[in-house]
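Take a moment with the model below, then follow the chain strand by strand. The text goes from pairing, to individual residues, to the chain as a whole.

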Amino acid sequence: MANPFSTIPSSPPPATSANPPAIPARGGPPKVPDQDDGQERTLLLKQEAFVYKIPPQTKAVGWKATDWNLERPDWTGRMRLVSMGKGAKIKLEEKGGDKVYAICPIE
């Protein structure tokens, strides 16, 4: 029986969608779009989020949520986690519109 791998094909393998041929007029293989173009992508949206003012630490045991007045949050709205390029940020937005209450960048 002959070995099918013993012969080397004389022509290059056909181009596939994963490895398209370079087009000289366009300057080489297609480029991957850069993610740092300022476009935001929503990864998570929570319709109800709460913000509490945490009182100063008075005991050595740390903070307890029962000290935060859980019945009356300082702010209520929605939370949006968005990615922007290689980073992300948490945006706290008003429920009725797109007014932003706070933004926290994540690196």
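Strand β1 covers residues 41-51, and it pairs with β2 in the antiparallel sense. Eight bridges link the two. One of the residues to look for is Val51, whose bridge partner in β2 is Trp75. Keep in mind that this is a predicted model.

Strand β2 runs over residues 75-84. How many of its 10 residues are buried? Seven of them are, and the strand is mostly covered. Strand β2 also pairs with β3, again in the antiparallel sense, and here the count is seven bridges. Within this part of the model, Met79 stands opposite Leu92 in β3. A hairpin belongs to β2 and β3, with two residues between the strands. Gly85 sits in that hairpin and takes a positive phi near 70°.

Now look at Met84. This residue has its place in strand β2. Is Met84 buried, partly exposed or exposed? Its relative accessibility is 37%, so it counts as partly exposed. Buried would require a value under 20%, and exposed one over 50%.

The next pairing takes in strand β3, residues 87-93, and strand β4, residues 100-106. These two are antiparallel as well, with six bridges between them. Which residue of β4 is the bridge partner of Lys89? The partner is Pro105. Between β3 and β4 the chain makes a hairpin of six residues.

Turn next to the aromatic rings. Searching the whole structure gives three aromatic pairs. In one of them, Phe50 and Tyr52 have ring centres 6.5 Å apart and planes at 35°, so this pair is tilted. The reasoning rests on the angle: planes under 30 degrees apart would count as stacked, and those over 60 as edge-to-face. Phe50 is partly exposed, with a relative accessible area of 43%. Tyr52 is partly exposed too, at 22%.

Tyr52 has a further ring partner in Trp68. Their centres are 6.1 Å apart and their planes meet at 40°, so this pair is also tilted. Where do these two residues lie? Both Tyr52 and Trp68 are in the loop between β1 and β2. They are 16 residues apart in sequence, so the pair ties together separate parts of that loop. Trp68 has 25% relative accessibility and therefore counts as partly exposed.

Finally, step back to the whole chain. It has four strands and zero helices. Along the sequence the pattern reads β-β-β-β. The chain holds 107 residues, and buried ones make up 12% of them. Contacts can be sorted by separation in sequence. Among those with a separation of 6 or more, 40% come from residues 24 or more positions apart. The accessible surface of the chain is about 9,400 Å². Carbon and sulfur atoms account for 57% of that surface.

Conventions:
Residues are numbered from 1 along each chain as its sequence is written. This is a predicted model: local features need pLDDT of at least 70, side-chain atom pairs count only at pLDDT 80 or more; totals for chains, interfaces and linings use all residues. Side-chain values use heavy atoms; hydrogens and water are left out. Two strands pair if DSSP finds at least two bridges between them. Buried means under 20% relative accessible area, exposed over 50%, partly exposed in between (1.4 Å probe, protein chains only). Rings of Phe, Tyr and Trp (its six-membered ring) pair if their centres lie within 6.5 Å; planes under 30 degrees apart count as stacked, over 60 as edge-to-face and the rest as tilted. Contact means heavy atoms within 4.5 Å. Accessible areas come from the Shrake-Rupley method with a 1.4 Å probe; for residues, only the protein chains shown count as cover.
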